[in-house]
Amino acid sequence: MIKNIRNIDKIVFGGGSFSQLEDIIQSKRTENDKFFVFIVDDFFKGKYLEKSLPAYEDDLVFFLDASHEEPKTGQIDELRDEILSKSGLPSGIVGIGGGSIMDIAKALSVMVKQEGSSTLYQGLNLVENPGIYHVGIPTISGTGAECSTTAVLTGPVKKLGIKCEWTPFNQLILDPDLTLTVPKNQWFYTGMDSYIHCIESESGRLYNTFSKAYGDQSIELCREVFLGEDSGQSPENSEKLMVASLFGGLSLSYSEVGVCHALSYGLSYVFGTRHGIANCIAFNVLEDFYPQGVAEFKEMVRKHNIELPENLAAKWTDEQVTKMAEIAYALSHMWDHAVGENWKEKVTIDTIKDLFYRM
Ligand SMILES: [Fe+2]
């Protein structure tokens, strides 16, 4: 069957558009128990963004540290229980931050209406009740989490997203000004997520005209931002990378990620490595799968003097490498896209372990 994808309902794009948040959510404030939940990256605590947050007296504001670990199922369950017991069912949820905050906001918007732990809903279409209104405001570009239909969560046994009809945001506010203060390494690693999405999207059997149209445009923007004459962090490039991230995500919505993301999930699961840098560590050793993409990626690394962690495997135990390989192997939809339907004839746990040992 051909995929029937749900897209974002509304998008505002442009510098300064964050100031429209209050007006945008106003009409929703009469829904459910008449309060909003704001999930904000604690990087913004005490900064201008905190002061300009349109939070009313009954609203709940959570500043979360998303710098070390990726969202966990336990964290979502605790937040959900706290919100419901404190104030009831929110009118809506606003997520302001990077990919992790986007995923937390998406997961919460669904989980406030479900019984039991979020581990029960990790997978495709396992959610029973419609989620609530939610708004995504990304403050770093590249993850595509702002438009993906998945809220990626790490649980006790797997890293796998909640993916259902109600995960995509109802509203996006894409304000490139919010991304101007991102530290350089993070800017690079997260931006590369977008580039890698497009390379993986185009290098597999699910690739199609829809994915190509968005993917080609996204790669072109990434090249301007990371390799062009005026490459680097600038207001103009912030706009470009924000659109590259969105289009990279849209390209994926009708295609799939591949080998790099499978390995990256293993790294994140075992070592808690953040998604952007985990992708870069993995992509760096994937010449066999993506020769041109990896060569261009290495050029971008050189151009921006990024010191990519290498020789990591020297410190890993065989047990850790096996665990990462098992996590990666279990992501069959990614291997199926990248290698083909008969991927199990070509890829084994040992093949994957070899790739990890190159890192
Ligand atoms: Fe990604």
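How many helices and how many strands are there in the protein chain? There are 14 helices and nine strands, where helices (H or I, at least four residues) and strands (E, at least two) are DSSP runs numbered from the N terminus. The radius of gyration of the chain, taken over C-alpha atoms, is 20 Å, close to the 21 Å that the globule rule gives for 359 residues, so the chain is as compact as a globular protein of that length. The globule rule is 2.2 Å times the number of residues to the power 0.38.

Before I continue, two remarks on the source. This is a predicted model, in which local features need pLDDT of at least 70 and side-chain atom pairs count only at pLDDT 80 or more, while totals for chains, interfaces and linings use all residues. Residues are numbered from 1 along each chain as its sequence is written.

Let me stay with the whole chain for a moment. Along the principal axes, its C-alpha atoms fill a box of roughly 55 × 45 × 40 Å. Of the 359 residues, 49% count as buried. A residue is buried if 20 or more other C-beta atoms lie within 10 Å of its own, exposed if 12 or fewer, and partly exposed in between, with C-beta atoms placed from the backbone. Two residues are in contact if their C-beta atoms, placed in that way, lie within 7 Å. Of the contacts with a separation of 6 or more, 78% are made by residues 24 or more positions apart.

Six strands form an open sheet in the order 1-9-6-4-2-3, with parallel pairing; two strands pair if DSSP finds at least two bridges between them. Strand 1 (10-13) and strand 3 (60-64) stand at the edges with a single partner strand each, so one side of each has no neighbour in the sheet. On average, neighbouring strands of this sheet are turned by 15 degrees against each other, direction ignored. Inside the order, strand 2 (residues 36-41) and strand 4 (residues 92-97) pair in the parallel sense over five bridges. The bridge partner of Val37 in strand 4 is Ile93.

Next, a pair of helices. Axes here are lines fitted to C-alpha atoms, for helices over the stretch in contact, and angles run from 0 to 180 degrees between N-to-C directions. Residues of helix 5 that meet helix 6 include Gly191, Ser194 and Tyr195; among their counterparts in helix 6 are Ser211, Gly215 and Phe226.

Two single residues deserve a comparison of surroundings. Cys280 touches Tyr189, Met192 and Leu308, not counting residues up to four places away in sequence. Glu224, in helix 6, has 17 such neighbours and counts as partly exposed.

After helix 12 comes Gly340, whose phi is positive, near 120 degrees.
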